[in-house]
Amino acid sequence: MLYRTVPKTGDKLSVLGFGYMRLPQKKSGGIDEERAIRQLRYAIDNGVNYVDTAPAYHFGKSEKVLARALADGYREKVRIATKLPPWSVHSRDDMDRILSSQLATLHTSHIDYYLLHSLSKVTWEKMKNLGVREFLDSAKKDSRINNAGFSFHGDTATFKEIIDSYDWEFCQIQYNYLDEHIQAGTEGLSYAAGKQLGVMIMEPLRGGNLAGPVPDEIKRIWDESSVKRSPAEWAFRWVWNHPEVTVVLSGMNDEIHIDENLRIAQDAIPNSLSPAELDSIARVRDMFQQRMKVGCSGCGYCMPCPAGVDIPGCFSLYNAHHLFPQDRSAKFQYLGRHGGLLSPVSYAGLCRQCGKCVKSCPQHLSIPDHLQDVSTDMEGMMGVIVPLLKGGLWCMNQIGRIGQIFAFNK
Ligand code: SF4
Ligand code: SF4
């Protein structure tokens, strides 16, 4: 295993991090806990020292399984990263309450890497107003957490603004060869690294789509290369080629993939891809981009929208939906991020056609027209599904509160 250093702290982390968000399932349903525990311990035995979870993964069960996996001396071998869900925070007290509950669930005295989960401009404002910076300072001071960071799916301008608003140690961004100029992108990666932050990467395979069956014209480009790699290996190597990247997270739940990722990680040397290899990747990227519906680069210059639409966010998931039609997850992500489930509503259908955004778009996109298409395609059942999911989330929060009261009274 290769290791990279978080510039600000000197902490040495394995280039491959274990994402504990897609745990193996039993045929009869539910998490196959024994297998999930075996898999993580195997990865740790082979050098992985960073594992990323969140209360939102597997409806709160991921942290519980992780606690079991890290018994028997494994806790000391690994850094735990977990997250504070802004959608469950309504007061400063909630932050302490949720962190206490996580420490109890994880059977640990401290969280090594603590993130604010999926910040956006709106949720960051909300969290700031509720005192999250003071909370993070105090949690670091009394060693409940060691490092503070945030995960992010918004536009580059907002990303930089958040980076500059607190003394973070790290951040977590979506990054892969298709998202070079989408969300935080390469510009955001360099910005964060320039501030000495560790940068953890999520979605290196874009939800597995860059590793799955690819269209014939893309397969031909890979086949023509003198270097033979699987599509997954091309995608991982491209991310690790960037020296600014610290850890690449992979949500592994199959022993074959774990072995393959451990092998690929042995070659995760920065700036090691040749010009010819980079050219093959660029050609594949171009081919994918030709299939995109909206040529939005995610720069964020059109923001903010007076009606509250997250313009680049809506376009990004609309494109993902059409790039990989076999993958249904883009619609669910759209509901979560823009339908008001995990953050305030920001969906395309809110557009009032005022035209303000059009003047600022360097790509000269007809934004309101494209947003109408997005709304038609992505928002079909939103009015029914979002209230149902919100009700589910509310119930989970209440169960969490009751569970904590019991834990304190024990
Ligand atoms: S045209 Fe629509 S998306 Fe653009 S600024 Fe106006 S309301 Fe927002
Ligand atoms: S719609 Fe235009 S201005 Fe807005 S993020 Fe996309 S490319 Fe940038």
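Me: What makes up the shell around ligand 1 by class, in this predicted model?
Reply: The shell has eleven nonpolar, two polar and two charged residues. Cys and Ala count as nonpolar, and C305, A307, C351, C354 and C357 come nearest of the 15 residues around ligand 1.

Me: Which elements give two or more residues to the shell around ligand 1, and which gives the largest share?
Reply: Two or more residues come from each of α14 (356-360) and α15 (367-378). The largest share, three residues, belongs to α15.

Me: How do you know which residues count as being around ligand 2, and which come nearest?
Reply: The criterion is a C-beta atom, placed from the backbone, within 6 Å of the molecule. Of the 15 residues around ligand 2, the nearest are C296, C299, C302, P312 and C361. Helix α12 (residues 311-323) gives the most to this shell, with three residues.

Me: How many residues of each class does the shell around ligand 2 have?
Reply: Ten are nonpolar and five are polar, with no charged residues.

Me: What makes a residue of helix α6 buried, and which residues are they?
Reply: A buried residue has 20 or more other C-beta atoms within 10 Å of its own. In helix α6 (residues 156-163), the buried residues are T156, T158, F159 and I162.

Note on methods. Residues numbered from 1 in each chain as written. Chains lettered and ligands numbered in written order. Predicted model: local features only at pLDDT ≥ 70, side-chain atom pairs only at ≥ 80, totals over all residues. Helix = DSSP H or I, 4+ residues; strand = E, 2+ residues; numbered from the N terminus. Buried ≥ 20, exposed ≤ 12 C-beta atoms within 10 Å, placed from the backbone.
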